[in-house]
There are 2 protein chains.
Amino acid sequence: MAEIAVLGYGTVGSGVVEALWANQYNIDRKASQPIRVKYVFDVREFGAPIDKLLTHNIDDIIYDNDVRVVVEAMGGVEPAYAYVKEMLSRGKSVCTSNKELVAKHGAELLTLARDMNINFLFEASVGGGIPIIRPLNSSLAADEITEISGILNGTTNYILTKMTKENGDFNECLQAARQMGYAERDPSADIEGFDSCRKLAILVSLAIGKQVDFENIGTEGISRLTQRDVAYANELGGTLKLLATAKIDGPGVYARVSPVILRGGHPLAFVNDVYNAIYIKGKIIGEVMFYGRGAGKFPTASAVIADVVDAVKNLNRNIMHFWSTEKHEILPYGALKTDRLVRIGTNDAGKICQTLNTVDNVTFIKLFGDEIAAVIPDAANDAYERIVHSLAATGGDGRVISRTAIEGE
Amino acid sequence: MAEIAVLGYGTVGSGVVEALWANQYNIDRKASQPIRVKYVFDVREFGAPIDKLLTHNIDDIIYDNDVRVVVEAMGGVEPAYAYVKEMLSRGKSVCTSNKELVAKHGAELLTLARDMNINFLFEASVGGGIPIIRPLNSSLAADEITEISGILNGTTNYILTKMTKENGDFNECLQAARQMGYAERDPSADIEGFDSCRKLAILVSLAIGKQVDFENIGTEGISRLTQRDVAYANELGGTLKLLATAKIDGPGVYARVSPVILRGGHPLAFVNDVYNAIYIKGKIIGEVMFYGRGAGKFPTASAVIADVVDAVKNLNRNIMHFWSTEKHEILPYGALKTDRLVRIGTNDAGKICQTLNTVDNVTFIKLFGDEIAAVIPDAANDAYERIVHSLAATGGDGRVISRTAIEGE
């Protein structure tokens with residue numbers, strides 16, 4: 001029998017306990033032995049039947065040598081980091097859903113687990129229930145991955161889908177996301193792209209085998225998007241998505257999180273509502289995509305439980321692909337060529353057109369009276385700089401409202 | 001060092017050898033040891049550099065105790081089955097891309113591998129490069145799977161996409177698939193649905209842990225579809241797809257392969273061209289989908305190589321989820337309720353409408369002069385029988401041309 005402990009009895013922690021109980025037969029059969037929850041650690045109080053398992057003292061778990069696998073579902077960096085480090089250094093494998101922890105300290109905790117010949121597993125930290133860490137660790141591990149792009153945040157995808165399909169404005173749609181329970185009271189980690197950024201850092205670190213600091217990934221959220229951006233996306237035959245993307249070209253790793261107009265048949269363009277998807281290109285495998293619920297109590301619990309089963313089956317055997325603490329620099333995504341839509345506020349669109357015609361192959365879209373948009377094909381940053389420069393030369397009428405990458409055909 | 005043998009030097013076999021050579025560094029690092037091809041077995045002759053590895057005598061491999069992992073890429077049941085059985089019984093793990101072999105003898109070969117404490121792996125047998133066997137074996141193994149639906153054949157999906165987007169007729173589009181190298185000279189295994197059927201049998205066997213005979217899965221291909229079927233799909237806001245579906249309700253397993261009109265936001269509706277995807281519903285995980293190239297030299301090789309790496313890392317450790325030789329009966333899918341489109345050839349549509357109005361909630365679509373179509377909501381087989389009965393009562397004018405399931409909202 002394997003006795004486990006669950007740290008944190010919030011949405012994920014309670015989902016893990018409930019799903020373990022409800023699916024005991026299947027899970028035990030898969031693990032080839034019974035898996036039982038011995039402790040739930042939380043500072044709060046809970047009624048039956050959790051009260052019998054509940055402890056407020058982390059030492060109960062740390063010093064119980066029968067507990068060889070611990071689920072960390074507390075969220076946040078501290079005290080989760082201190083607890084996880086302590087557990088690992090005492091030979092207990094840890095399965096976590098905590099993206100902040102993995103993005104910040106993944107390399108160190110993976111190293112510690114490897115040195116202890118146990119496991120630090122984090123399938124649930126990216127994409128909720130979607131199996132993505134495991135494929136990166138097995139099916140795709142021998143490949144050379146050249147791109148990882150994902151819709152990694154369900155809240156923002158829900159808001160953008162609603163803005164697109166129902167013409168709501170950003171605040172209305174955020175409010176709807178709150179009502180559905182998809183957005184937290186302080187939604188900034190989601191809507192400003194920080195959540196997607198941490199998840200992207202985890203995926204890229206795993207793919208290249210080196211630590212990528214999420215602070216170095218250029219990140220722009222969706223809070224400034226309006227119905228006008230939706231209108232431009234429609235006009236271009238595309239869909240507005242918050243995309244987390246990394247392109248890997250040998251040692252050159254380019255990454256960013258930003259709103260993107262996805263055109264044509266790109267499979268990520270069809271990922272709607274709260275669904276997430278991760279699209280990967282590899283030199284051998286070509287293109288693959290993994291799609292599913294990126295959050296939610298039971299989808300996330302399912303990923304944690306898959307990790308628990310693996311941890312129980314590999315008590316003295318390190319199975320995770322390793323990424324080193326060596327830091328890998330992220331290059332600015334702007335250096336890569338891509339089509340861009342630049343919105344320019346002006347009362348004299350004609351003059352702006354005349355000025356920007358000096359920039360190569362620009363086409364114009366005129367949808368609104370007080371602005372004009374320019375589509376700049378394959379624009380690297382320098383082309384954009386030239387636009388800003390040209391605009392200054394117009395003598396003041398004309399300012400960049402926003403620029404959005406356009407991807408797909 | 002791990003020395004391996006490759007049986008069959010066709011598309012997949014040569015892809016495996018070439019990809020192993022081209023990505024040696026990554027693959028060796030992942031396997032924690034060098035993996036080298038010692039033998040290629042084929043009845044044909046090949047020039048350098050394969051000639052040095054080539055043998056026409058299978059005994060060279062059978063009796064070489066240094067070869068612990070064998071790739072089977074010959075295709076077809078015999079002699080692949082005899083060779084694989086021999087290899088496994090001599091303690092050599094086998095990695096295969098051969099869906100006929102796995103669908104027919106999977107249970108027996110898995111049992112043999114388990115008894116020998118080695119591995120019989122077949123990631124490449126379904127979905128080409130798409131990781132699907134491995135997630136079913138790990139991430140999803142503790143869940144209770146209630147549905148597996150897939151677009152499992154690239155050739156037919158290419159043809160249907162072309163019929164839909166370019167209004168070609170079936171034979172033109174099949175010809176185009178041939179020209180692209182997507183269809184074989186005898187395309188019947190693809191277009192009649194047999195290939196999809198075998199793959200579905202493998203997925204369901206793995207999901208329920210018991211042998212499902214593909215011969216018992218009702219299978220209908222796409223060769224009778226015309227532009228009229230495409231027109232009805234458009235009219236219903238859907239897309240025509242060859243869908244392989246199983247619904248699992250405790251011991252009741254319903255399965256079929258048939259053309260389906262996929263409506264609304266179903267993620268499989270967006271899978272176009274030669275791409276494949278497998279959509280899975282589980283009680284804990286909810287919905288997930290795996291998308292990618294379902295065939296092709298290197299995508300398939302990538303799946304085989306992932307298996308080879310796993311086999312090398314687990315030389316004396318059985319890692320596959322097991323399915324027993326106990327056979328599980330497949331129930332006819334027709335017993336499940338689903339909307340259906342029934343096309344009826346007639347010169348007197350009015351009379352047919354009048355007659356069929358006795359069947360509950362039928363709506364009619366009139367697109368062509370010599371036929372009328374009836375949409376029967378939630379039709380179980382009995383409703384269909386009543387239609388046939390009603391038609392007979394019209395006195396002969398009115399015959400069923402086809403019936404197609406409608407899925408999605």
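1. Of the residues of chain A in this predicted model, A:Phe290 comes closest to the rotation axis, with its C-alpha at 2.4 Å. Chain A can be laid on chain B with an RMSD of 0.0 Å by a turn of 180° and a shift of 0.0 Å along the axis, which is the relation of a two-fold axis; copies are superposed by least squares on the C-alpha atoms of residues with pLDDT of at least 70 in both. The same surface serves both copies, since 100% of the contact residues of chain A recur in chain B, where contact means heavy atoms within 4.5 Å.

2. On conventions, residues are numbered from 1 along each chain as its sequence is written, and chains are lettered from A and ligands numbered from 1 in the order in which they are written. Because the model is predicted, local features need pLDDT of at least 70 and side-chain atom pairs count only at pLDDT 80 or more, whereas totals for chains, interfaces and linings use all residues, and side-chain values use heavy atoms, with hydrogens and water left out.

3. In chain A, 6 strands form an open sheet with parallel pairing, in the order β3-β2-β1-β4-β5-β6. Helices (H or I, at least four residues) and strands (E, at least two) are DSSP runs numbered from the N terminus, and two strands pair if DSSP finds at least two bridges between them. Strands β3 (54–55) and β6 (120–121) of chain A stand at the edges, each with a single partner strand, so one side of each is left without a neighbour in the sheet. Within this sheet, β1 (residues 2–7) and β4 (residues 67–72) of chain A pair in the parallel sense over 5 bridges, and A:Val6 has A:Val71 of β4(A) as its bridge partner.

4. Helix α4 (residues 80–89) of chain A lies across β1, β2 (35–41), β4, β5 (93–96) and β6 of chain A, and runs at about 150° to β5(A). Such axes are lines fitted to C-alpha atoms, for helices over the stretch in contact, and the angles run from 0 to 180 degrees between N-to-C directions.

5. The sheet of chain B is likewise open, with 6 strands in the order β3-β2-β1-β4-β5-β6 and parallel pairing. Its edges are β3 and β6 (120–121) of chain B, each of which has a single partner strand, so one side of each is left without a neighbour in the sheet. Strand β4(B) is joined by 4 bridges to strand β5 (residues 93–96) of chain B, the two running parallel, and the bridge partner of B:Val71 in β5(B) is B:Cys95.

6. The axes of α1 (residues 11–22) and α12 (residues 297–313) of chain A come within 8 Å and cross at roughly 70°. That makes α1(A) roughly perpendicular to α12(A), given that angles under 35 degrees count as roughly parallel, over 145 as roughly antiparallel, 65 to 115 as roughly perpendicular and the rest as oblique. The crossing is right-handed; a crossing is left-handed if the near helix is turned anticlockwise from the far one by less than a right angle, and right-handed if clockwise. Among the residues that make the contact are A:Val12, A:Val16 and A:Leu20 of α1(A) and A:Phe298, A:Val304 and A:Ile305 of α12(A). The contact residues divide into 8 nonpolar, 4 polar and 2 charged, with Ala, Val, Leu, Ile, Met, Phe, Trp, Tyr, Cys and Pro counted as nonpolar, Asp, Glu, Lys and Arg as charged, and the others, Gly among them, as polar.

7. Helices α7 (residues 154–166) and α8 (residues 170–179) of chain A have axes that come within 9 Å and cross at roughly 130°, and they are therefore oblique to each other. Helix α7(A) passes α8(A) in a right-handed crossing, with A:Tyr158, A:Ile159, A:Lys162 and A:Met163 of α7(A) and A:Phe170, A:Cys173, A:Leu174, A:Ala176 and A:Ala177 of α8(A) making the contact. By class, this contact has 8 nonpolar, no polar and 1 charged residues.

8. Some backbone geometry deserves a check, given that most residues other than glycine have a negative phi, and most peptide bonds are trans. A cis peptide bond with omega of about 0° joins B:Ala48 and B:Pro49, the latter being found in the loop between β2 (35–41) and β3 (54–55) of chain B. The peptide bond from B:Glu78 to B:Pro79 is also cis, with omega near 5°, and B:Pro79 is found in the loop between β4 (67–72) and α4 (80–89) of chain B. In chain A, A:Ser32 has a positive phi of about 60° although it is not a glycine, and its place is in the loop between α2 (24–31) and β2 of chain A.
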